[in-house]
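Below is a briefing on one structure, arranged by topic. Please read it alongside the sequence and the coordinates.

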Amino acid sequence: MNKLHHLPGQLGIEYKTISEMVTIYCKAHHHADSIPCAECQSFLVYANEKLDRCPYGQIKPTCNKCPIHCYKSNRREQAKKIMRYAGPRMLLWHPILALKHIIGEQRSIPSRIPHTASNRHIRHKHKKK
Ligand SMILES: [Zn+2]
């Protein structure tokens with residue numbers, strides 16, 4: 001898998017959670033030789049890119065509570081299918097990640113969207129120095 005950005009902190013936890021959910025979903029639905037299959041891999045690259053660009057950065061609300069809908073409609077549908085299937089199963093297979101997500105859902109949504117908090121922004125700022 002290539003083109004993935006390194007996501008530290010909270011963003012990394014979110015990415016890990018999504019990739020575990022994709023694995024659960026892919027295993028049950030796609031029966032490909034490699035898990036995740038090509039289609040699911042491309043979804044993960046997309047999710048990784050969106051997390052990298054999320055303007056909330058480290059203070060992001062969980063995606064289901066977020067006021068910004070940054071996924072394109074077809075990707076959003078794909079995400080919904082994956083979450084619906086894998087969400088309840090996460091408690092069984094990855095209880096710590098599931099718990100972190102549930103705790104994350106209790107966090108309040110920041111009242112303003114920051115301008116310089118995205119991982120992408122911080123990454124580019126470091127590069128310039
Ligand atoms: Zn798949």
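**Helix 2 and its partners**

The buried residues of helix 2 pack against helix 1 (9-29), helix 3 (73-93) and helix 5 (119-128). Contact here means that the C-beta atoms of two residues, placed from the backbone, lie within 7 Å. Helices (H or I, at least four residues) and strands (E, at least two) are DSSP runs, numbered from the N terminus. This is a predicted model: local features need pLDDT of at least 70, side-chain atom pairs count only at pLDDT 80 or more, and totals for chains, interfaces and linings use all residues. Residues are numbered from 1 along each chain as its sequence is written.

- Helix 2 covers residues 38-53, which is 16 residues.
- From first C-alpha to last, helix 2 reaches 23 Å, close to the 22 Å expected at 1.5 Å a residue; the expected span is 1.5 Å times one less than the number of residues.
- C40, F43, A47, N48, L51 and D52 are the buried residues of helix 2.
- A residue is buried if 20 or more other C-beta atoms lie within 10 Å of its own, exposed if 12 or fewer, and partly exposed in between, with C-beta atoms placed from the backbone.

**Overall fold**

- The protein chain has five helices and zero strands, and along the sequence its pattern reads α-α-α-α-α.
- The radius of gyration of the protein chain is 15 Å, close to the 14 Å that the globule rule gives for 129 residues, so the chain is as compact as a globular protein of that length.
- That radius is taken over C-alpha atoms, and the globule rule is 2.2 Å times the number of residues to the power 0.38.
- The C-alpha trace of the protein chain spans about 45 × 30 × 30 Å along its principal axes.
- Of the 129 residues in the protein chain, 22% are buried.
- Among contacts in the protein chain between residues at least 6 apart in sequence, 75% join residues at least 24 apart.

- Helix 1 has 21 residues and reaches 30 Å from its first C-alpha to its last, close to the 30 Å expected at 1.5 Å a residue.
- The buried residues of helix 1 are Q10, L11, E14, Y15, T17, I18, M21, V22, I24, Y25 and C26.
- These buried residues of helix 1 pack against helix 2, helix 3, helix 4 and helix 5.
- Two packed helices are described by the angle between their axes and the distance between the axes.
- For helix 1 and helix 3, the packing angle is about 110 degrees and the axes are 9 Å apart.
- Axes are lines fitted to C-alpha atoms, for helices over the stretch in contact, and angles run from 0 to 180 degrees between N-to-C directions.
- Helix 1 and helix 3 are therefore roughly perpendicular to each other; angles under 35 degrees count as roughly parallel, over 145 as roughly antiparallel, 65 to 115 as roughly perpendicular and the rest as oblique.
- Helix 1 contributes E20, M21, V22, I24, Y25 and A28 to this contact, and helix 3 contributes I82, M83, Y85, A86, R89, M90 and W93.
- By class, the contact of helix 1 with helix 3 has 11 nonpolar, no polar and two charged residues.
- Ala, Val, Leu, Ile, Met, Phe, Trp, Tyr, Cys and Pro count as nonpolar, Asp, Glu, Lys and Arg as charged, and the others, Gly among them, as polar.

- Most residues other than glycine have a negative phi, and most peptide bonds are trans.
- H31 is not a glycine, yet has a positive phi of about 45 degrees.
- H31 lies in the loop between helix 1 and helix 2 and is exposed, with 9 other C-beta atoms within 10 Å.
- P36 is found in the loop between helix 1 and helix 2, and the peptide bond from I35 to P36 is cis, with omega near -5 degrees.

- A98 is in helix 4 (residues 95-106) and is partly exposed, with 19 other C-beta atoms within 10 Å.
- A98 touches M90 and L91, not counting residues up to four places away in sequence.
- A98 and T17 are 81 residues apart in sequence and 7.7 Å apart in space, C-alpha to C-alpha.
- L91 lies in helix 3 and counts as partly exposed, with 13 C-beta neighbours inside 10 Å.
- L99 lies in helix 4 and is exposed, with 12 other C-beta atoms within 10 Å.
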